[in-house]
Amino acid sequence: MSDAPQDEGTGTLFEAPPIAEQERMVEAVLFASAEPVTIGDLEARMPHGSDAAQAVEMLQKRYEGRGVRVVRVGEAWAIRTAPDLGFLMQKETVETRKLSRAAIETLAIVAYHQPCTRAEIEEIRGVSVSRGTIDQLLEMEWIRLGRRRMTPGRPVTFVVTPQFLDHFGLENARDLPGLKELRAAGLLENRPPPGTIPMGEGREDEEDEDQTELFEEE
């Protein structure tokens, strides 16, 4: 018996769809997903033999200059509004509470110094960090537990999450703005860095600041 028909059938059964069709599949998944999707997750959904990475690359080029873009968020991909059109969405954004100073400083330290322990956060800030501040940032899923340090006590470390990167439109933590950009945007005070203020000066009135409150009331 000839094996030709069997080989032909097998080839048809496992033949990957055209790359243009794979691109459409990737577009459909990213468009419908509320969270960024990894290449592995895409390939798990697509037919056998598909090349999700190539399809994503093609889709990313197709969306260049459009109202939405295909962007990388950590190790995953998502469809997001073009940065220059973000002002169109401002009316749909309702902000009723603001992060407290303690929470902002803690989040910034984790973002710029990750992975870092609670003791390192306190050393940089110059004041203690309440459990409430850390817990609330964890609940918001903007920071998460990292690996334990191989030091006495094996303290846990904290790192920022893909949700944090996605919220601020960053591919990874290396895309965070520098000190000059932060000061220019009015997000950083022009004050001496932590550790340069003599003991007993500068932050005495902040020891009892809203350490247990993550948010400030309007």
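1. Antiparallel pairing joins strand 2 and strand 3 over 6 bridges. Strands pair here if DSSP finds at least two bridges between them; strands (E, at least two residues) and helices (H or I, at least four) are DSSP runs numbered from the N terminus. Val73 stands opposite Ala76 in strand 3.

2. The model is predicted: local features need pLDDT of at least 70 and side-chain atom pairs pLDDT 80 or more, whereas totals for chains, interfaces and linings use all residues. Residues are numbered from 1 along each chain as its sequence is written, and side-chain values use heavy atoms, without hydrogens and water.

3. The open sheet has 3 strands in the order 1-3-2, with antiparallel pairing. Strand 1 (37–38) and strand 2 (68–73) are at the edges with a single partner strand each, so one side of each has no neighbour in the sheet. Helix 2 packs on the sheet and touches strand 1, strand 2 and strand 3; contact means heavy atoms within 4.5 Å. The direction of helix 2 makes about 70 degrees with that of strand 3 (axes are lines fitted to C-alpha atoms, for helices over the stretch in contact; angles run from 0 to 180 degrees between N-to-C directions).

4. Glu23 lies in helix 2 (residues 19–32). Glu23 is buried, at 4% relative accessible area (buried is under 20%, exposed over 50%, partly exposed in between; 1.4 Å probe, protein chains only). Apart from neighbours within four places in sequence, Glu23 is in contact with Ala55, Met58, Leu59 and Arg62.
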